[in-house]
Structure formats: C-alpha cells, structure tokens
Amino acid sequence: MMRVLIIEDDREIAAYLAKGLREHGYTVDQAADGKSGLFLATSEDYDVMIVDRMLPELDGLSIVRSMRSADNTTPVLVLSAMGEVVDRVAGLRAGGDDYLTKPFAFSELLARIEALVRRTIASAVTETELRVGDLELDLLARMAKRAGRVIELQPREFRLLEYMMRNAGQVVTRTMLLEHVWDYHFDPQTNVIDVHISRLRSKIDKDFGSPLLHTVRGAGYKINETR
Amino acid sequence: MKPANLLATSTFRLSLLYMVLFATSVLILLGFIYWSTVAFMANQTDATIEAEILGLAEQYRERGLNGLVSTIKERVARDPDSSSVYLFASSNYAPLAGNLSAWPDVDLLPDGWLNFQFEDSGTEGRTLHARARPFVLDGGLHLLVGRDTRELRATQQLIIRALSWGIAITLALALLGGIVMSRGILRRIGQINQTSREIMGGDLSQRVPTSNNSDDFDQLADNLNAMLDEIERLMAGIRHVSDNIAHDLRTPLTRLRHRLDGLQISLADNSPLQEELQRSISDTDQLLSTFTALLRIARIEAGGAPANLVQVDLGALLHDARELYEAVAEEKGLRFILQIKDPAYVSGNRDLLFQAIANLLDNAIKYTPAGGQVVISLKRENNIPVLMVSDTGPGIPAEEREQVLQRFYRLEPSRTTSGSGLGLSLVSAIASYHQATLSLEDNRPGLQVTLRFEGPTEQQG
C-alpha cells in the first residue's frame with residue numbers, strides 16, 4: 001500500500017485529491033499548512049508527497065528544501081498556481097521531483113504520482129533491457145525487437161518507446177512525454193504528440209497480432225500487454 | 001562620449017553658437033582698434049612729412065635752390081639710416097641730390113601723394129615701401145619729400161598678428177568651454193537616459209541618481225523619480241488586482257474542472273451523459289488555457305528581472321522543433337524545411353523560446369493548405385541572430401499585421417477555427433522579454449514571421 005502526503009491549504013482541492021487517490025489504492029494523509037506538513041513529512045515515512053507552493057505558515061518550496069537538507073529523498077510533486085515557466089524551474093531547483101500547474105486533470109496528477117513512485121523503485125536496479133509482452137528494448141545496443149523481429153526506430157522514437165516502457169502499465173500524459181522525451185515544457189496548441197505516437201504505433205503494433213500501445217481517453221497513452 | 005554624440009547635443013550646438021557670436025564681437029572690436037591705430041599712425045607719418053616739407057620750403061625761400069640742396073645733403077649725411085626720403089631731380093627726373101637712386105615710376109594719387117617701392121641703398125638692398133609728396137620747383141626742377149613706411153607696416157603686422165592670436169585663443173577657449181560644459185550636462189542627461197532605458201527594459205525599481213546640490217537637473221531627476229514611484233505604485237496596484245482576479249477566478253475554475261473530472265470518473269463509461277460531460281470539460285479546459293495564456297502574457301510583459309536566463313542554442317532549438325513538428329506537417333501534406341545558415345545563441349528562457357517557435361509553427365501548419373511548405377531558418381545578420389518562420393498559406397493583410405499581435409485579435413476567416421487568439425500575442429510578449437523584435441511580412445504568398453534578437457548575445461555558446 002502506497003502512502004501519500006498531501007500538503008494543500010485549499011480544503012476542497014485537497015479532499016478531491018485525497019478521494020481520487022484513495023480510489024486508486026493510496027493511503028492518504030493531509031496537512032493544511034506548511035508547518036504541520038513539514039512535521040508529518042519528517043516524522044512519517046511516505047512514498048510520495050504532493051506539496052502546494054503557496055501555503056500558510058511555511059511555503060511549499062521551503063518544505064522541500066528543509067526535507068532535502070535533512071537527506072529526506074521522498075519524491076515530491078509540487079503544485080503551483082497558474083502557469084509560470086519560471087516558477088517551474090524554481091520548483092525543480094528547490095528539490096521538487098516534478099511540477100504540475102493548477103488546474104490539472106486528475107489523470108495527469110495520477111500519472112505523474114505513479115511515475116514518481118515507480119522511479120524510486122526502478123532506480124534501485126539499473127536495467128539494460130526493457131520488456132513488455134513480446135516487445136524487447138535493448139538499452140545498450142539501442143535496439144528494439146518484437147517477436148524476434150528487429151524494428152527500425154529513429155533516435156527520438158527510441159526515447160519515446162523507452163519512456164513508455166519504463167512506465168509500462170501506467171498512463172503517461174502528453175505533457176509528460178513532451179517534458180521527458182523532448183525535454184521542453186510548453187503548451188502546444190495542436191496535438192503534436194499524437195502524430196508521433198501513431199507513427200510509433202505503426203512500427204511496433206501494425207504487423208503484430210495484439211496491440212501494446214493504447215490510447216487512454218482523456219488522459220494519455222499506456223503501453224502494456226493486452227489481457 | 002563619442003565626438004559624433006557630442007556634436008549632436010543641444011548644449012554643444014548652443015555653445016558653438018555662442019562661440020560664433022562671441023568671436024564676431026571680438027572681431028569687430030579688434031577691427032575697430034586696428035583701424036583707428038593704423039589711421040592714427042598714418043596721420044602721424046603724413047604730419048611728419050608735412051613738417052619736413054615746411055622746413056625745406058623755408059630754406060628754399062630764404063636761401064634759394066642752393067640752400068635747399070645743401071640742406072637735403074646735410075640731412076642725408078647727418079643721419080644715413082633715417083627713415084626720411086628725399087630726392088631732388090632735374091626737369092627730366094634725373095636725380096641731383098638726395099637718398100633715392102631714381103624718381104619713382106608710379107602715378108600720383110588723387111590726394112597729391114605717391115606710394116612707391118624702392119631698393120634700400122644701405123645694408124641688404126631690401127625693397128622698402130615709402131610715402132612721399134612731389135613738388136615742382138622753379139625751372140621745372142622736381143623735389144620729392146617723404147618717409148619710408150617700414151615701421152608703420154611693421155606695427156600694422158604686429159597688430160594683425162596680435163589680433164589673429166586673440167581671435168584664435170578666443171575661439172579655442174570658447175570651443176573648450178563648450179565641450180567641457182556639454183560633457184558635464186551630457187553626463188547628467190546620459191544618466192537620466194540610461195535609467196529610462198533600464199526602466200523601459202522592465203526594471204521599474206531603477207531611479208535617476210541625483211547629485212545633492214539641488215540644481216535644475218536634480219529637480220528634474222526628483223520629478224522623474226516621483227513620477228516613477230507613482231507608476232510603480234500604480235503598476236503594483238494593477239498587478240495586485242489582476243493577481244487577485246486571477247486567484248479569485250482560478251480557484252472556482254479549478255474546482256469546476258476537478259468536479260467535472262470526478263464526475264467523469266464516477267460515471268459509467270457507457271453513460272449517455274459522458275459525451276456531454278466531455279464537452280463541458282473541453283470548454284472548461286479552453287477557458288482555463290485562455291486564462292492561463294493571458295496571465296502568462298501579463299507576467300512576461302510585466303517582466304521584472306528576467307530570472308533563470310541561460311545561453312540558449314537557437315540552432316538546437318530549431319532542430320528539436322523540426323523533429324517535433326515535421327511529422328504533423330507531413331501528415332497535412334506540407335513540406336517542412338529547416339535552414340540553419342549560422343549558429344546563434346541568445347541569453348534567455350529555453351522553454352519560453354520554444355513556446356514561441358511552437359506557436360509560430362502551430363499557426364503556419366494550421367493555415368497552410370496541403371501541398372504548401374513551411375520553412376524555419378536561422379542566420380546572423382550583422383551578428384544579430386535572425387529566426388524566421390515562413391509559410392505559403394493565405395498570409396495576413398498588411399493593414400492587419402499590427403493588430404494580430406494584440407490579444408484576442410483574429411482574422412475573420414479564422415474565427416470559426418479553434419484557437420485562443422492569443423498565440424501571436426504570446427510570441428510577441430516572449431519576443432520583447434528577450435529584447436527581440438517581431439515582424440510580420442508578406443512571403444508572397446504566405447506569411448513570414450521574423451524574430452531579430454537585438455539584445456545582448458554571445459558570440460559562441
């Protein structure tokens with residue numbers, strides 16, 4: 001059971017997050033101000049934290065900074081008010097692991113939380129090969145194979161597939177892909193990602209029986225073995 | 001301060017004007033002194049000659065021709081270096097006595113005088129100038145009495161030289177004074193200009209420095225500073241109000257979005273309400289993204305000190321943009337061309353710059369019909385990075401190019417297509433944040449958008 005701490009002063013948003021996360025199997029603790037949030041963060045053991053930037057008593061970035069200086073490495077997702085690229089950089093610099101601007105779709109938050117949790121687990125082992133069903137990705141030889149057949153991929157397609165496979169079974173959102181595969185944080189007015197996904201799909205799924213790359217409506221994409 | 005700048009200042013021009021006026025007065029004054037001195041000296045010479053003539057006339061009356069000749073000889077012998085000139089000549093002008101070797105070959109002046117040159121019989125045989133009066137005596141004999149005017153001329157030259165120096169020194173002093181004065185004033189004005197530019201660059205906290213001696217420049221600086229305080233106060237007020245509005249609207253909007261989200265999750269997937277709900281969520285998202293874009297533009301325009309600036313490799317940025325957008329363009333049947341002629345780096349915010357390029361590409365791809373092409377290019381002109389995005393779409397009529405940069409302005413045909421109408425405003429805000437100029441031109445056919453990074457740039461990354 002994953003434990004998550006939400007430090008958020010807007011009670012309605014906090015309740016909505018807590019409800020959603022509980023439905024997805026998380027154990028949720030809540031704090032409504034910075035001081036009690038930091039107390040919980042340092043006295044309890046959490047798998048992941050959601051911290052609002054603007055908090056009474058002690059702001060979110062200060063909490064993260066205090067935690068990091070005390071060698072607490074719990075992954076933190078920082079929430080902030082309306083979009084500011086500069087804010088995002090400051091949030092990541094303070095030691096936040098990911099950054100999400102309000103308002104967000106719950107699916108976006110959930111995808112990012114799960115990615116953070118998985119990253120902590122996965123970082124313990126250095127993988128050289130990723131596998132989803134009969135799709136194999138050799139990270140050393142930079143080669144993709146499905147059912148033993150080599151699939152030619154462009155470097156960016158390889159990174160896209162690698163990121164999807166590292167988060168296999170989890171939803172990854174379009175903004176997560178832009179941030180991690182293209183390394184840019186911006187708002188595209190068109191769905192540029194969709195074209196890349198459909199090209200990747202035609203390479204890894206088209207000539208094979210069961211599709212691995214799925215579109216999750218209203219959220220993003222997911223790679224997993226079809227049940 | 002460069003000389004060209006100095007010449008362009010009003011202070012320097014004013015001091016030049018004063019210099020000319022002053023020099024003219026000095027010239028008139030000294031000219032008058034010269035004229036009266038020279039006239040006085042000439043009169044003196046003439047008076048001396050007249051006195052000599054009177055003396056000689058007396059000798060002539062009392063002792064006749066012989067007395068006159070002996071007096072002349074006596075006078076020449078007594079003082080060979082005298083400046084007096086005498087010549088006693090026969091009726092055909094052959095010299096009989098005196099210190100001139102020949103009768104001067106010049107015409108008589110209307111006033112009865114002769115001005116002539118002669119060879120000095122003495123030391124070096126110099127050419128001397130003289131002024132004399134001729135007389136005709138009994139029996140057709142000629143007499144010439146005069147003085148050489150070398151002293152008079154020397155004095156004239158001395159005065160002219162002194163006057164020239166006087167004028168030259170006056171001009172030099174006036175010029176020097178003008179430069180010193182203009183520099184002093186220029187420095188003060190330069191400070192005011194520098195501060196104004198920094199403020200226009202977005203740093204409203206700057207103030208004009210004062211020198212604490214309460215002169216009129218300090219008063220100007222104080223007034224400007226008071227004005228700036230007022231502007232800063234007003235802007236802080238506006239920002240405060242818009243932040244409040246943003247906060248007040250954001251919270252309910254966010255809750256609305258979250259509630260719809262929650263509703264969608266709890267509703268069965270096959271519920272007939274799902275589609276309606278999805279539309280509500282899309283509308284809310286549209287509202288929120290417009291709102292976010294507005295706030296972002298406001299924040300970027302309000303500027304403040306640009307934070308987190310790094311050296312951004314524009315070439316790499318364009319390569320990434322090509323990689324991201326080429327596929328979309330191809331799906332639409334467009335040719336996507338990337339031309340990087342020169343490497344270029346600008347100091348800025350990487351995500352914002354990419355956002356600007358993405359917005360331009362989004363537009364170019366959206367408005368260009370199939371079979372057209374989209375070109376992104378990078379070059380350096382006079383060391384200024386120039387980034388261009390051009391398409392072969394319908395373009396923008398010349399009279400509307402200014403307006404499309406304003407918020408919510410949309411061309412008539414595009415009103416029906418999706419989009420917030422904020423894309424180009426955001427590009428414009430990002431451009432000015434990076435001290436770049438944004439211009440829209442006719443690509444014949446199509447639109448060509450140019451970003452010139454005229455702000456501080458690095459030669460290499």
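**Sheets and helices in chains A and B**

G220(A) in strand β12(A) is the bridge partner of V216(A). Strands here are DSSP runs of E with at least two residues, and helices are runs of H or I with at least four residues, both numbered from the N terminus. The model is predicted: local features need pLDDT of at least 70, side-chain atom pairs count only at pLDDT 80 or more, and totals for chains, interfaces and linings use all residues. Residues are numbered from 1 along each chain as its sequence is written, chains are lettered from A and ligands numbered from 1 in the order in which they are written, and side-chain values use heavy atoms, with hydrogens and water left out.

β11(A) and β12(A), the latter spanning residues 220-223, pair in the antiparallel sense over four bridges. Two strands count as paired if DSSP finds at least two bridges between them. Strands of a sheet pair through backbone hydrogen bonds, either parallel or antiparallel. The open sheet here has three strands in the order β10-β12-β11 of chain A, with antiparallel pairing. β10 (171-173) and β11 (213-216) of chain A are the edge strands, and each pairs on one side only. Neighbouring strands of this sheet are turned by 35° against each other on average, direction ignored. Axes are lines fitted to C-alpha atoms, for helices over the stretch in contact, and angles run from 0 to 180 degrees between N-to-C directions.

Two helices meet this sheet. Helix α7(A), residues 174-182, packs on the sheet and touches β10 and β12 of chain A. Its direction makes about 75° with that of β10(A). Contact means heavy atoms within 4.5 Å. Helix α8(A), residues 192-204, lies across β11 and β12 of chain A. α8(A) runs at about 150° to β11(A).

How do the two helices pack on each other? The axes of α7(A) and α8(A) are 10 Å apart, at an angle of about 75°. That makes α7(A) roughly perpendicular to α8(A). The cut-offs are under 35 degrees for roughly parallel, over 145 for roughly antiparallel and 65 to 115 for roughly perpendicular, with the rest oblique. From α7(A), the contact takes R174(A), L177(A), L178(A) and W182(A). From α8(A) come I193(A), D194(A), H196(A) and I197(A). These contact residues divide into five nonpolar, one polar and two charged. Ala, Val, Leu, Ile, Met, Phe, Trp, Tyr, Cys and Pro count as nonpolar, Asp, Glu, Lys and Arg as charged, and the others, Gly among them, as polar.

In α7(A), M176(A), L177(A), L178(A), E179(A), V181(A) and W182(A) are buried. Buried means under 20% relative accessible area, exposed over 50%, and partly exposed in between, with a 1.4 Å probe and protein chains only. Just after α7(A), D183(A) takes a positive phi of about 65°.

Now follow the loop between α7 and α8 of chain A, where D187(A) sits. At 40% relative accessibility, D187(A) counts as partly exposed. D187(A) lies 12 residues from T175(A) in sequence, and their C-alpha atoms are 8.0 Å apart. Neighbours within four places in sequence aside, D187(A) is in contact with R296(B), Q355(B) and N359(B).

For chain A as a whole, there are eight helices and 12 strands. Buried residues make up 52% of its 227 residues.

Chain B has an open sheet of five strands in the order β2-β1-β5-β4-β3, with antiparallel pairing. β2 (95-98) and β3 (114-119) of chain B stand at the edges with a single partner strand each, so one side of each has no neighbour in the sheet. The twist averages 30° from one strand to the next. Three bridges join β1(B), residues 84-89, to β2(B). In β2(B), P95(B) is the bridge partner of A89(B).

Helix α2(B) lies across β1, β2, β4 (127-136) and β5 (142-148) of chain B, at about 140° to β5(B). α2(B), residues 10-78, also meets helix α3(B), residues 150-200: their axes come within 9 Å and cross at roughly 165°. The two are therefore roughly antiparallel to each other. The residues of this contact divide into 23 nonpolar, nine polar and no charged.

Finally, look at S390(B), in strand β10(B), residues 384-391. At 9% relative accessibility, S390(B) counts as buried. Beyond its neighbours within four places in sequence, S390(B) is in contact with residues including Q373(B), V374(B) and N443(B).
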